Amino acid sequence: MGPDSAPDPPVPWRKVLWERQPFPDNYVDGRFLEELRRNEGLRQYHYWAVVKEAGSVGQQLSCVAIFITVWLYMEQGLLSPEVLLLTSLVCAMLGYGLHQVLASTVDSGDEPRTRLADLQSAAIFLSFTYGFSPVLKTLTESVSTDTVYAMSAVMLLAHLIFFPYTQPSPPGSLSLNAALFASVCLASRLPGALHTFAMLSCALLVFALWPCLLQRLREKAPSQFTGVCVGMCIGGIGGLGSQSLVGAVLLALALGNVTFFCPLLLITLQRQKDNIQGPWDEAEIHEDLSHFIQ
Amino acid sequence: MGQRGRAVLQSNASQQESSGTSQDALKHNRKHNICMVSDFFYPNMGGVESHIYLLSQCLIEKGHKVVIVTHSYGKRKGVRYLTNGLKVYYLPLQVMYNQSTVTTCFHSLPLLRCVLVRERITVVHAHSSFSALAHDSLFHAKTMGLNTVFTDHSLFGFADISSVLTNKLLTITLCDTNHIVCVSYTSKENTVLRAALNPEIVSVIPNAVESTDFTPDPSQRRDDRITIVVISRLVYRKGIDLLGGIIPELCLKHPDLNFLIGGEGPKRLVLEEVREKYQLHDRVRLLGALEHKDVRNVLVQGHIFLNTSLTEAFCMAIVEGASCGLQVVSTCVGGIPEVLPEDLITLCEPNVRSLCAGLEKVIARQRSGAVPTPASIHARVKNLYTWRNVAERTEKVYDRVVGEEVLPLHMRIQRLRSHCGPVAGSIFAFVAVLDFLFLLLLQWLVPDQIMDLAVDASGPFGMWNQESGIKKRTSSQKS
Amino acid sequence: MEGESFTDINGTPIFLDCQSHSTFCREFTVTSPKVPVTKVIVFTCSIWLLAYAVFLFTEDTVVLTSAILITLVSMMLYVHLVKVEQETLFIIGSLGVQMSSSYASGRETTTFIELNKIKDIVINEAIYMHQIIYYLCVLLKDPSDPDAVSSVVPLFQSSKPRLNCLMKVYRSCQEILSKCP
Amino acid sequence: MVLKIFYPQCCNLANSGLLIGSWIQGHNSAVVLAVVHYPFIPGQVKRYIQQVSTASGVKLSVLGSWSLPSEAEKGVENFLRDLRTIFPQDRWLQISRKMGQTGFNCSILDRSQGTILFVHYDQRNVMLSQLHPIQTEELDPSDSELRQVFQIVSLSQPLFLLDRYDDGPLKSTHWQSGGQEASIIVELLKMASVPLCLTISCLLHLLPLNFLCSKLSTCVQLSYRSDHLRALSSPKTAVGHSEFMRKANVLVSILVDMALGFLLMYWLYSDNHISMLANALVPAADHVAKELEELLQWLMGAPAGLKMNRALDEVLGRFFLYHIHLWISYIHLMSPFVETILWYGGLSAGLGLSFALALLSDMVALLTFHIYCFYVYGARLYCLKIYGLSSLWRLFRGKKWNVLRQRVDSCSYDLDQLFIGTLLFTILLFLFPTTALYYLVFTLLRLLVVVLQGILHLTVDLINSLPLFAVALRLTRFYRLAEGVKFSVLCDEPDTPLHLLMEINPLSCASVIKTYRTPTYSCYPKDSWTNLVKKLFVGELIYPWKHKTIKTD
């Protein structure tokens, strides 16, 4: 039974251990590795489907660009805080209306938030922001502008990286917090307390409430979703273009990259995939077992 | 203790007398001086640990000299003796993660060299690919010109980044290892693929079970109910989440069903929550960590043995269950289908539905009484896997390995570079050269002839075989 | 009796001198070689040269003074605390075992262990630095449990002879211990 | 079997006679304590042995005979053998010395014949020495042999009282003191000590010492010393070696302490040093305050180029400046009385140097109270910020601390919670450097004071706990404190039994201090180093030393 003995076996080899077989221990049968499988369960992607999914990434990128544009306008004094507040209010009302309309079309499973709760939240937002805006104003006074810009840039990047693109509705805490942190930093650079207040309300609108509306839109009216994405992208490029041409070109390049080039790369690289599978692989649990314990 | 000291004295005397004839005797009888190396050994408990211990005992019985090298466990460091003069070196090396030592490729060389030289080792046998010390010893043994054997106890995937790295390391250390032992055919396929080996130098030698320790005792069962026994560590890899799904499903259907679960681990929480939610406190008993000697007493209380592992190279637990006369239900993963004949095991897919169906079938058979008696199952399983057989087959591997020649340094470098890819191969060829230079430095600092040769406790000139009185004394030292 | 020459674990020669005062009383003396003069000179010179090099940069005589002081003090400490020239094992049957070591400065430390505290004298193996060595040791009884060993007292700790030397001492010790239970 | 005979060195040249000593139980050995010379009357010898045995508690007996070659009479041999019938014994040792040999011969008259080992010992040293580690139990047959030898020799002191000037019927050789010397002074002191002790202990009982608060180190020292005095002045004599040593150590340390204290007093009151000190103190306090003020001004600007939050910076700076102002006015109010305070304070040195040091430590604590205040404010503010920031940082990442499971869980927050949390987090984060800097500076100041106080406490503790008596004993009478014994071969002649010399191996100085250190209340730092750094980092308050008494309640 040791290695290299008994060369000519009369019975066929079986892949079992419990039987003493007339083969040496290091015998290699013709059926060696016959259970080896490659690239099992590979998902084939279609280019346009991937592009459509990538649209939400581009849309979020544009959101950030729009926010930056608004801040640039405010900083240069081209946009008065009152106008911004008014616009925000109108947008918020419109968005809330749309949200309610979309919610009422199909009765959702979870219990809906009451109007009163929404109103309460809004009151909290406004009062806290208004109350803290003088403090926030002086907060970064002694910190150098470059530091504030760098910090905001990093935070906005973090927002983009950690944003839950598949389901933006309950906003991911880290991404939302990063965005709010960045907006507080940027808002504190503005000339007045009212400016800060307006800027923060705008940030709340763009980073917290807009993704909720977008999620609704995607669930209820998927056809419009693509249009909204395209619209946001154009809006972002246009807005940034009015302030800096280079910024707009860079944004356009980035958007093109994310929405068109990256999906192409994914699909071409997938052909190179070589994954070995066999009986030695750890079995995966596909069922959802959490209902047994919760 | 005093007697131990005396044994040392006498052995040296006899050694000097017989040193002239020893060389011929060694070749003729093909007795080897084997050094087992692994990070995992007693007092740690587990499959690899008991494999090394029992294999060593059987090899000592066959007249070979066996020493074990592992890292120190807490206050247990230095040199210890176990039953039958099995000498264990607990080397003071830093433990990094999961009892595996830190590896720098070099720092273990001085101590390993000392052990290999003073014990006059002919074969280095490393165990477990998780053990950094085993990899180190394979590398250093080659530098010192010794033949090596490696036993792989576990299966690995190919998909994630950690296994890619581990597989590369395995490719490098196994590149000039003389022979590899795997515990099942699946494990062999896996190892051949991972380390890019020639399948001819890979032998399959299954683990074994001390079947005399696992005898059936039907009187311990309660016949008014059916008991399912699960004995495993409660971790994800053992499929405890599946078990958490099976328990409520079956318990609702069969009011006379009981679960007896032995073992400890992070997934205990899952089972406790299931028990809590479905009010199964009287029917699902969690026994916690079991000592090896208690396992049999738990097994004989059950009718069915359930194994829900998600991956397993050999699975001794199902053999132990069958040896105690239980019906075995198991997931069909890894090497499990090779272990028991079809009529002794019910194989299921690793999901709750399939496992439940398999269990229901067995429960129905059990109810109808259409199952073989425990004694007959035991009689069939008893002689399937014995340590003596394992030792015999391993001995043949050693015989084959000893005859092979060890590659000189330049050949070794060539082989590393051709076999392990241009980047990793070159790096490790460089490491091999450094290792060789380090060895030369050590040989200059402490020449081989200055090291005292160790007095054999086991093996052809072992002192313990000759004095029966000492055996008993020191076996008690194990505790 | 004549001294026999052995080597220690590093290969330096040492001398074992056995004196048998009576059938039950023996004295083993292991003598290590003296510190070689060359070593001392090299050590001193290297420190002084280093100090002189520093002195050339800083031009501060404090450096030279402190270098001289450091060499003197370190040599004195070495001779007084580190360098053991002789280790003696004095075994008196039915009374006990006395270990003493005398340092190069002449300082002597002595420990006497009574026989009723001794369980046995054995040769043991241990990991020392990056080597595994044999050493002779006295096993002490645990006062609460006569079968257990409470601690181990190593012998010839600084000279560290090799196994053949230990074997010789061990045999004589066992001879005496077996006579006087 | 080897028969061991412990033989006193002083009897090497004794006239022939009877060996008096004791067999050691459980061991095959005998201790020779004395030689009773010829001529004697056996009855008297027996009576004498009886007397001494009852007085000492050791079972003494006649071990055998001793003969010196000088009186080389033939008849003696037989006479000696016959003595055995007079003093019936199981074993009869017959030790004799021959001309031309240094060793003695010994023959045992009993059933067994075995080898003999002579161990010579110095009777005086063995009698006076105390074997370590100290065991308080009574003689126990299973005990170690050497311990028994030591105990027998030290217990049989009554035997040694019989000295050469005694005109009794018996003459004997053993270690002899030069006779009882009586000093009048010593006797008077002994007489006086009893009533003195009684009065002191009465006084101590009268004094209500319980009110003393443990915060002031002077009070701690006072209660500590009073405890010592109470222990010293108990009218009972010390029982056992360790109690005696403790008392002696305490007495010596008090005496040394007081001597040092008087030296200090002498220096203080001799050249009007007190007023010099007082005059220097107020300007020094002023100077410190000014330095602190400057430090605060610096902090209120842009310290080390750091940009702080201006508003908060000013608020904090003004707050601390006001404190310093308060402090300075307080000091100036106090300045006329400083000299008087110092004058009376200096008197405390009369109680001992340790008191003066403890008082100094308290004064340092009082004088740096403003620093302590600053530190506490800074630490509290900093601690608050750290806690706020850490919990808000968890919120920032969408996690929360699960109190029940003691771990960080993920948690989905509401929009408004997230918004307010981030707002607060941002504010705290930007204000944090300002607070941290203030905290850092004042912590460094506080640490300086703590180190100073720590050194003072250590010194006091050293004075309190150093076993001066034991150290002096070790230096002057090394044999009194024995770690063990050491043997050397005395004479090794072919025909005689082996003679060994047993000497006393003195306790090393380090272990003397370790064994006899007087236990004290406070002598260890409260925290380990890593713990201290951790505490400093999270802004918990640190104190210099912890008292054991506080820890218990």
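Over residues 40-57 of chain C the chain is 100% helix and 0% strand, where helices (H or I, at least four residues) and strands (E, at least two) are DSSP runs, numbered from the N terminus.

UniProt, in an unreviewed entry, lists residues 40-57 and 63-82 of chain C under "transmembrane region"; its positions are given in the numbering used here, feature names are shortened, and annotations may be inferred rather than shown by experiment.

This is a predicted model, in which local features need pLDDT of at least 70 and side-chain atom pairs count only at pLDDT 80 or more, while totals for chains, interfaces and linings use all residues. Residues are numbered from 1 along each chain as its sequence is written, and chains are lettered from A and ligands numbered from 1 in the order in which they are written.

Chain B holds an open sheet of eight strands with mixed pairing, in the order β3-β4-β2-β1-β7-β8-β9-β10, two strands being paired if DSSP finds at least two bridges between them. Its edge strands, β3 (78-82) and β10 (202-204) of chain B, each pair on one side only. Within this sheet, strands β8 (residues 147-152) and β9 (residues 179-182) of chain B run parallel and are joined by four bridges, and B:Val149 stands opposite B:His179 in β9(B).
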